[in-house]
Amino acid sequence: MTRVSHHLLLCATPTKALCCPDPAIGAASWDTLKRLVREWGLEDPQRPEGIVLRNKADCLRICAEGPVLLIWPEGIVYTGVSPERIERILREHVIGGSPIEAWILKRMPFAAASGLALQPTAAPTTAP
Ligand code: FES
């Protein structure tokens with residue numbers, strides 16, 4: 001079984017111009033994210049903390065101050081991402097475990113992570 005430590009979603013080439021007004025910064029941020037995840041061994045299935053997944057998203061429903069980066073499992077949304085910020089976010093947040101508060105727009109934790117218990121759904125019943 002492969003464990004996942006973090007999943008990074010980057011809205012860098014959106015269809016809405018407000019999110020990422022400079023497509024060149026979005027493209028460079030995406031290229032930097034892919035390169036560093038690979039070069040720093042974050043995709044290695046032998047990594048004790050688990051692998052880091054990264055995907056490009058077309059919209060994360062933030063739609064401002066992009067490029068926008070959403071990181072699970074914390075549900076942290078960074079705005080104003082750039083290649084330089086990608087490097088610091090990977091180093092300090094993903095590897096070091098310390099999110100960079102000054103760049104965080106908001107947090108969207110899963111209900112279970114915020115202390116709310118998920119209720120199991122009832123098993124389907126069959127008619128007698
Ligand atoms: S277009 Fe980037 S978050 Fe919506």
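1. R35 is partly exposed, with 35% relative accessible area; the term covers values between buried (under 20%) and exposed (over 50%), computed with a 1.4 Å probe on protein chains only. The side chain of R35 forms a salt bridge with that of E39, at 3.2 Å from N to O. A salt bridge here is a side-chain nitrogen of Lys or Arg within 4 Å of a carboxyl oxygen of Asp or Glu. Both residues belong to helix α1 (residues 23-39), where they stand 4 residues apart, about one turn of the helix. Helices are DSSP runs of H or I with at least four residues, numbered from the N terminus.

2. On the basis of the model: this is a prediction, in which local features need pLDDT of at least 70 and side-chain atom pairs count only at pLDDT 80 or more, while totals for chains, interfaces and linings use all residues. Residues are numbered from 1 along each chain as its sequence is written, and side-chain values use heavy atoms, with hydrogens and water left out.

3. E92 has a relative accessible area of 29% and R88 one of 36%; E92 is partly exposed, as is R88.

4. Across the whole structure, the search finds 6 salt bridges. Side chains of opposite charge can pair when their charged atoms come close.

Methods
Helices (H or I, at least four residues) and strands (E, at least two) are DSSP runs, numbered from the N terminus.
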